[in-house]
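This report covers one predicted model. It looks at salt bridges, then at a helix and a strand residue.

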Amino acid sequence: DSIAEAMLPYGYLNSSIVQARIGATLDNADDLFDKVISNRPQRVVLCFGLNDMVEYQENVSEYIETYNNKIDGLKKDNPQIQILILSILPIQSNARISGKQYLADYNNAISTMCEQQQIRFVDASFILNDNPSLYDEDGIHPKKEFYPRWLLYIAEEFNI
C-alpha cells in the first residue's frame with residue numbers, strides 16, 4: 001500500500017526488491033504477488049491491511065481467509081520461503097479513514113494467523129506510539145523519518 005510504496009520515492013529501498021502500490025489490497029494485488037513469486041526470493045515481508053480494513057470493515061475473518069490464500073500461494077511455489085508479516089500500523093484518532101475502529105481486531109487476527117501458519121509477525125506500532133511526531137498530518141501515513149527506524153526493526157526481527 002502507500003505506506004510500503006513510500007520507501008521507493010524516499011530512497012530507502014529500490015524497486016528491484018519492493019513490490020508495492022498505493023491503494024493495494026489483498027484483493028487487487030495479484031500482480032504484486034505474481035512478481036514476488038516469479039522472483040523466487042528467500043525472504044518476503046508482507047505489509048497489508050490498512051486499505052483492506054476499509055474494504056472488509058468488520059469482516060475480519062474474510063480478510064484473514066484471503067491473506068491465508070495469498071500466503072499459501074507463496075509457499076506452494078516456494079516452500080522454503082521465509083515470510084514475515086507486519087502489523088497494521090496505528091492510526092491517530094484524528095485520522096479520517098473508514099474501518100479504523102477494527103484495527104485491533106485486524107492485528108489480533110493477523111497475529112493468530114501467523115501463529116497458525118508458523119510465520120513471524122512483527123508489530124512495530126511502538127515506533128509511532130512512542131513518536132507521534134512521525135505521523136504525517138493525515139494521522140495515517142508516517143513521515144520520511146519513520147522509515148529508517150521501521151526498516152531497521154524489520155531487519156532485526158528477520159535476522160538480516
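## Salt bridge at Arg120

Arg120 is partly exposed, its relative accessible area being 40%. The side chain of Arg120 meets that of Glu157 in a salt bridge, with 2.5 Å from N to O. This pair links distant parts of the chain, as Glu157 belongs to helix H7 and Arg120 to strand S3, 37 residues apart. Glu157 is among the buried residues of H7.

## Other salt bridges

The count of salt bridges in the model comes to 4. One of them joins Lys70 and Asp30, whose closest N and O atoms are 2.2 Å apart. Lys70 sits in helix H4 (residues 60-77) and Asp30 in helix H2 (residues 30-39), 40 residues apart. Lys70 counts as buried because its relative accessibility is 16%, under the 20% limit. Asp30, at 40%, counts as partly exposed.

Asp77 forms a salt bridge with Arg40, at 3.2 Å between the closest N and O atoms. Asp77 is in helix H4 and Arg40 in the loop between H2 and S1, so this pair ties together parts 37 residues apart in sequence. Asp77 is partly exposed at 35%, and Arg40 is partly exposed at 47%.

Helix H7 spans residues 146-157 and reaches 17 Å from first to last C-alpha, close to the expected 16 Å. Its buried residues, including Trp150 and Ile154, pack against helices H1 and H6 and strands S1, S2 and S3. Just after H7, Asn159 has a positive phi of about 55 degrees.

Val45 lies in strand S1 and is partly exposed at 34%. Beyond its neighbours within four places in sequence, Val45 contacts Leu84, Leu86, Ile154 and Phe158. Val45 and Leu86 are 41 residues apart in sequence, with C-alpha atoms 7.2 Å apart.

Key: Residues are numbered from 1 along each chain as its sequence is written. This is a predicted model: local features need pLDDT of at least 70, side-chain atom pairs count only at pLDDT 80 or more; totals for chains, interfaces and linings use all residues. Side-chain values use heavy atoms; hydrogens and water are left out. Helices (H or I, at least four residues) and strands (E, at least two) are DSSP runs, numbered from the N terminus. The expected span of a helix is 1.5 Å times one less than its number of residues. Buried means under 20% relative accessible area, exposed over 50%, partly exposed in between (1.4 Å probe, protein chains only). Contact means heavy atoms within 4.5 Å.
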